[in-house]
Amino acid sequence: MRVEDLLLRVLNYSKSKVDQTEVLYIGQKSALTRFANNFIHQNVSEKDATISLRVIIGKKIGSASTNRLDERSLKQTVDKALEIAKTQKETLHPKSLPTQAKYANLNTFIELTAKCTPQERAEAVSEIIALAQKNKVMASGAFSTNAMDLAIANSLGLQAHQMLTEAKLNLVVTGEGEASGYASHLSRDVAVIDPRALAEEAIKKCLQAKDPISLKAGDYAVILEPYAVGDLVVLLGSMGLGALALQEGRSFMCGKLGQNIAGENITIWDDGLDPLGMPMSFDFEGVPKRKVVLIENGIAKGVVYDSYTASKEGKSSTGHGLPAPNTSGPFPLHLFMKAGDSSIEEMIASTERGIYVTRFHYTNPVDVASTTITGMTRDASFLIENGRIKQPLKDLRVNQSVLKALSRVSLVSKETRLVEASRFPGWVRVPAIKVDKFTFTGTT
Amino acid sequence: MHNLVCKALALARVKGATFAEVRVVNRRSEILKVKNGVPEVNTSNNSYGWGIRVIADGAWGFASSSRLEKQEIERITDRALQIARASATTKKEDVVLSPIEKIVGNYRTPVEKDPFDIPLETRMNLLLQAEKLLRQEKEIRISEAFISLFKEKKFFANTEGSRIEQEITTCGGGLIATAIKDGEIQVRSYPNQRDCSTAGYEFIESLDLVGNAERIGSEAVMLLSALQCPSKVTTLIINSSQLALQLHESCGHAVELDRALGTEAGYFGTSFLTPEKLGSFRYGSEMVNIVADATIPGGLGTFGFDDEGVRAQRTQIVKDGIFVDYLTSRDTATRLNQESNGAARADGWSKIPLIRMTNINLEPGSWKFEDLIADTNEGIYVEDSRSWSIDSKRFKFQFGSEIAWEIKGGKLGQMIKNPSYVGVTPLFWRSCDAVCDESSWQMCGTMGCGKGEPMQIIQVGHGVAPARFRKIEVGVTT
């Protein structure tokens, strides 16, 4: 049965019993080849499809979901959502579901990615392993290829359907003398993932990072690769770039809209339609994606909305709703940070004494109001002295306000890179940056 | 269903697998959440599917599907074999499994009151009552109360003849109060890392959410005007809930043998507890005794059999401070010439079993909590986890707690906000000079332990009593 027909059938089950119904279908075919110590040790595939329902009766909402798509199970799920809605108390802010919309025609499905075989992934991994063995290092990582069928229909006539693919290769290379390096790439198109180039990037780093030294904790100038910048920007998103956080007073943006919160060279936005990110035409409520400028030239400009938070302020959703039920509120899944005109080489050359960071590990917010986060550096950090990389460094602990760091950015690279958020959902395209003062509170 | 599973196993054998196992899993959950007086979430989920893991040409392959039907059985089994043969192209050596007994059996979480039998309205009314009491003071800007119910029915079968059925029931509830004033945010929760248990609805009743709500809301507000945590080296006493997370991050993950062998290096990292340290490395002081116990009632990592069909066990991990064992699976235990100690667990039907914590418990000591405070001249007592971060080898960490009190002259003094502490795992545990006794030992845990690629989220338990640590650096400054 076509997905559209399935959704309409489920809508019909509840038609006479509720005021509004929304049906969300997420079908997934995922495959992942995982390797470590230069061999494939885990290799999996998964196929699933879930129907999630939201029903509204007056001011009461119920939701239920199932991955059993036979008629009996679907009817039971509708009945469950109805039972839940009926026993629910009335909400203060009734949600009206979004209405019909037009969607951007984006190329989000690449057949080659969807049809990638275990043999093809194994061949890519073999190429990485061969390069690792040649350089006497160990390669670990994962190569995944996924296809998603996302469809939404509601009783107000909204119908949205999009197929999406994602290919991703993450690579950690380790060598003697506590050395390690990292590289990753992701795209909707598996053909643009270059295992050899990634292996060369990670191996080069690893070979440079042998026998790291400890560095005294303190404030240093720091050059952050896009992997590290992406982590900070997504953490910033998690600490208050969604409307619910702002409405509840727990966002760092509270009372700051229109004010300067970062350096003039910092502009951050969310754009789900940009092909340089991981584009998708609509959010999980079927609302078209829209570009939202969050910070422009250092000034706090706005936050992203879903239909619930938008209706509370009499605004329109910006297309940032997550699958219901969602208590976290809308989230910027497609973040971008504006490029500059510098390069990593220029940043190093301009640094008298500082630290070069490839990426962070296990970062978490410490204080949302001040946007302070903590985490460790990982997979190749270096001491820079007199404009040159001098020595690899052991991992360092960071305790730093993200906004303070973004207020002290002196150089921004022209090149940007698309990276995946490590601790939160979403993708982010960011440049490398040089921060003149960054706080490290410990070392290993 | 059993016939289809047997067919998949037979098919895998016929097509060249030297080993195969199938798991069929049905998961059901119901989540209720009330926020600021409004029922925000009221949802039910049902997920059903199966997965087959095979060894062919000496390597692993796994495939899964939400449809358990004749044609799908053939397609998915073929897929698993195809994947195994692709894995074999890079193998260094054949996968070797530790032997296990053939088991035909079952396990069911003992429950007094099946939580799914409790009417929705009863649960909702409890939450509305508790949540209202959370926000008695105007500074409480966000007040939340939740109840979660989970039931997982599993059928496991392998080509060695095991046939196991299990039903794991988990439920819990909690409260979160967020106080905001002049741009400062303080959060207080109850019961923090003790919010869920493998038990019936009687566990939720025992939490007394209503009886604790007003205190939690009030403490969140008091934190706004509390003393800032000083930066110094001092004595630290940690409550069960905070110590549970400490144990989780610095011991539980560190003793996973796959991490120690490097097979998680590509994502969350490795472990400083490398195999040559086994049996001799001083992990902690003599006060520190840690077990992995999947048999203890109520633990979030309590079951009858792991997801490789290995019977639940109690394994000493740290004995009198010495690191004596890892958590293992069938294919990693053989690397140490051991048998699996039953720690292979999978997140539902669509994922492979990985080495996961069961219940990693700090054995009780001999101190009464009141005596421990009275015995401490100067220090800080911290409660309940707020933030955490640890390096990729589980060696250096930083934790933040929700609330603390200064200790002066053997008595709890002023409230302290934003408490945090840093340390190095073995140095930290070696500085432990007192662990409280059974009277304050509590089963805590987390529903959200993440590991692996694709990410698997699993529930794990931690039985802990408050403990004292000397010369700890507190109050991280930025």
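Here are a few questions and answers about aromatic rings in this predicted model.

Q: How many aromatic pairs are there over all chains?
A: Two rings pair if their centres lie within 6.5 Å. By this rule, the count over all chains is 25 aromatic pairs.

Q: Is the pair of B:Phe397 and B:Tyr421 stacked, tilted or edge-to-face?
A: Let's look at the geometry: the ring centres of B:Phe397 and B:Tyr421 are 6.1 Å apart, and their planes meet at 80°. Planes over 60 degrees apart fall in one class. The pair is therefore edge-to-face.

Q: Which strands hold B:Phe397 and B:Tyr421?
A: This pair links distant parts of the chain, with its residues 24 apart. B:Phe397 belongs to strand 18 (residues 396-408) of chain B, and B:Tyr421 to strand 20 (residues 420-424) of chain B.

Q: Is B:Tyr421 buried or exposed?
A: Buried means under 20% relative accessible area. B:Tyr421 has 1% relative accessibility, so B:Tyr421 counts as buried.

Q: Where does B:Phe428, the partner of B:Phe397 in another pair, sit?
A: The rings of B:Phe397 and B:Phe428 have centres 5.2 Å apart and planes at 85°, so they are edge-to-face. Both B:Phe397 and B:Phe428 are buried. The two residues are 31 apart, and B:Phe428 sits in helix 10 (residues 425-430) of chain B.

Q: Which residue lies over the face of A:Trp269?
A: For a charge to sit over a ring, NZ of Lys or CZ of Arg must be within 6 Å of the ring centre. At 5.0 Å from the ring centre of A:Trp269, the residue over its face is A:Lys291.

Conventions:
Residues are numbered from 1 along each chain as its sequence is written. Chains are lettered from A and ligands numbered from 1 in the order in which they are written. This is a predicted model: local features need pLDDT of at least 70, side-chain atom pairs count only at pLDDT 80 or more; totals for chains, interfaces and linings use all residues. Side-chain values use heavy atoms; hydrogens and water are left out. Rings of Phe, Tyr and Trp (its six-membered ring) pair if their centres lie within 6.5 Å; planes under 30 degrees apart count as stacked, over 60 as edge-to-face and the rest as tilted. Helices (H or I, at least four residues) and strands (E, at least two) are DSSP runs, numbered from the N terminus. Buried means under 20% relative accessible area, exposed over 50%, partly exposed in between (1.4 Å probe, protein chains only). A charge sits over a ring if NZ of Lys or CZ of Arg is within 6 Å of the ring centre and within 35 degrees of the ring normal.
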